Amino acid sequence: IAVFFIFPLLLLGISELFVQKKVGWTVLGTIIVIAVILGIARFAWWWKRQDGREKFIASLDRRSARNATLSSLPDDMQYLKSKVSQLVEHTGLPEDEEVVDEEKPEASTDDSAGGDAAVALVEAGDSNA
């Protein structure tokens, strides 16, 4: 996408800025050209001096390993399910054991504490009247 779409449009846009024959557009084109040159120099520095090539190849290797793992995942899951069912048959465990979490009631909430304080204030106000 970058080689056939972004770079040609960038170069076309820069050339159009210089063709306009206005100082503002020419200055903007110059700034963009300097930014592109600095970006290319930074990429070359990263690629050569900061092991960019090795990092790029390592990321491609990680991506291919992840894709291979994801493509073999359904087969692996079927194998694991069959092994688990064999273990269940061998040990005699029931197949469906579900753990039910017991809900713990909360002692007090912020609303109830605030309500008690409001009732106390109302009762204090009634005794003063």
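What you are looking at is a predicted model, in which local features need pLDDT of at least 70 and side-chain atom pairs count only at pLDDT 80 or more, while totals for chains, interfaces and linings use all residues. Residues are numbered from 1 along each chain as its sequence is written, and side-chain values use heavy atoms, leaving out hydrogens and water.

Let's start with the fold elements. The chain holds four helices and zero strands, taken as DSSP runs numbered from the N terminus (helices H or I, at least four residues; strands E, at least two). Helix α2 covers residues 23–49, 27 residues in total, and reaches 38 Å from its first C-alpha to its last, close to the 39 Å expected; that expected span is 1.5 Å times one less than the number of residues. After α2 comes Asp 51, with a positive phi near 55°.

Now for the aromatic rings. Rings of Phe, Tyr and Trp (its six-membered ring) pair if their centres lie within 6.5 Å, and planes under 30 degrees apart count as stacked, over 60 as edge-to-face and the rest as tilted. The count by this rule is four aromatic pairs. One of them joins Trp 47 and Phe 56 in a tilted arrangement, 5.9 Å centre to centre with 50° between the planes. Trp 47 is partly exposed at 27% relative accessible area, and Phe 56 is partly exposed at 41%.

Key
Buried means under 20% relative accessible area, exposed over 50%, partly exposed in between (1.4 Å probe, protein chains only).
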